[in-house]
Amino acid sequence: MNKILSAITLLALTCTLDGCESKPAGTPAKQETSGTGATVGTTSAEPKAAEPEKPDIPDGARRLMAAYPDAGITYSDNRIIVGGESIIYDDGQRKDFVRQLDDSDVEDMFTMTYDTEAATPGYLNDAGRGRCEALFKAMYGHNAAEVARHLVTVKWFGQNLRFTSVNGANRQLEKVAAELEGKPELRRFFGQSSTFYWRKVRGANRQSAHSYGMTIDINVANSDYWQWANPGKDELAKISYKNRIPMEIVRVFEKHGFIWGGRWYHFDTMHFEYRPELLQR
Ligand SMILES: [Zn+2]
């Protein structure tokens, strides 16, 4: 039993290691049923058979391919192929809430819905807070120096911010800035913003999204964070929600592909992260 468990743990760990290039041979793709069976026999006289069955591409993989067209992502046999690296899509493991955050495979990233309509986040809905590190490292860089190579300057309310050009994230942030420029009453929310910083999430062993250069924290003075508002509470505790960031700002970011940390149960209202795969319908 323990042996099996540690083998499973090892396999899962490959997803959080740089590159994740080792390919466990024959990792079985989950047989997904497409749910299209109902159409059988309902359509015309198309010739049957002959066509080889196309392997199903899971929804999360489709979303990635559509959201990051420049990355040239492909999917095959339970692997996401990106930047010459092969990353396991679904490690087949059931994970509790904390483990899913710390040890997310690609499939896990799509198990929660990023809800742009809810007034406040539902209990433990942290859509986007978990990330498959191998995937983000393959796209944005495996270390500070690699990520830094892709950073360019984005003008942001009097600041020159460094933001990644990978996946056109810098252009999306420029669109956010252009749209918000016309609203001087909101300016006080944007001073002293910060972006790239290669580091672990405080108190955890996973890489912060700020490491990849596609994340911005706006002015901390008007921001709220779940641990500040709920000192001493752990990840599973019921906590109270607090936000002072106008939704007008949030909507502009979301329109251009950024998710907002204020939509997480474990809220971080200064935090906006370029994650267009979670905003697609
Ligand atoms: Zn942040």
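The following dialogue explains how terms are applied to this predicted model.

Trainee: What rules apply to the numbering and to the use of the prediction?

Mentor: Residues are numbered from 1 along each chain as its sequence is written. In this predicted model, local features need pLDDT of at least 70 and side-chain atom pairs count only at pLDDT 80 or more, while totals for chains, interfaces and linings use all residues.

Trainee: How many helices and strands does the protein chain have, and what makes a stretch one or the other?

Mentor: The protein chain has eight helices and eight strands. Both are DSSP runs numbered from the N terminus: helices are H or I with at least four residues, and strands are E with at least two.

Trainee: Why is Asn-78 called buried?

Mentor: A residue is buried if 20 or more other C-beta atoms, placed from the backbone, lie within 10 Å of its own, exposed if 12 or fewer, and partly exposed in between. Asn-78 has 22 C-beta neighbours inside 10 Å, and therefore counts as buried. Asn-78 lies in the loop between E1 and E2.

Trainee: Is Gln-192 buried or exposed, and why?

Mentor: Gln-192 has 11 C-beta neighbours inside 10 Å, so it counts as exposed. Its place is the loop between H6 and E6.

Trainee: How do you know that the buried residues of H8 line one face of the helix?

Mentor: The buried residues of H8 (residues 247-255) are Ile-249, Phe-253 and Glu-254. Seen down the axis of H8, they fall within an arc of 130 degrees, so they line one face; the arc is that of the directions from the helix axis to the C-beta atoms. The face turned away from this buried side carries the exposed residues Glu-248 and Arg-251.

Trainee: Against what do the buried residues of H8 pack?

Mentor: They pack against helix H6 (169-181), strand E7 (258-260) and strand E8 (271-274). Two residues are in contact if their C-beta atoms, placed from the backbone, lie within 7 Å. The axes of H6 and H8 come within 9 Å and cross at roughly 145 degrees; such axes are lines fitted to C-alpha atoms, for helices over the stretch in contact, with angles from 0 to 180 degrees between N-to-C directions. Val-176, Glu-179 and Leu-180 of H6 meet Ile-249, Val-252 and Phe-253 of H8.

Trainee: What makes E7 and E8 a pair?

Mentor: Two strands pair if DSSP finds at least two bridges between them. Phe-258 has Tyr-274 in E8 as its bridge partner.

Trainee: Why are E1 and E3 said to stand at the edges of their sheet?

Mentor: This open sheet of three strands has the order E1-E2-E3, with antiparallel pairing. Strands E1 (74-76) and E3 (85-88) each have a single partner strand, so one side of each is left without a neighbour in the sheet. The twist averages 30 degrees from one strand to the next.

Trainee: What makes a set of residues a nonpolar core, and which members of the largest one touch the most others?

Mentor: A nonpolar core is a set of buried Ala, Val, Leu, Ile, Met, Phe, Trp, Tyr and Cys residues joined through C-beta atoms within 7 Å. The largest has 51 residues, of which Ile-80, Ile-87, Leu-135 and Met-139 touch the most other members. Helix H4 (residues 133-140) gives the largest share of this core, six residues.
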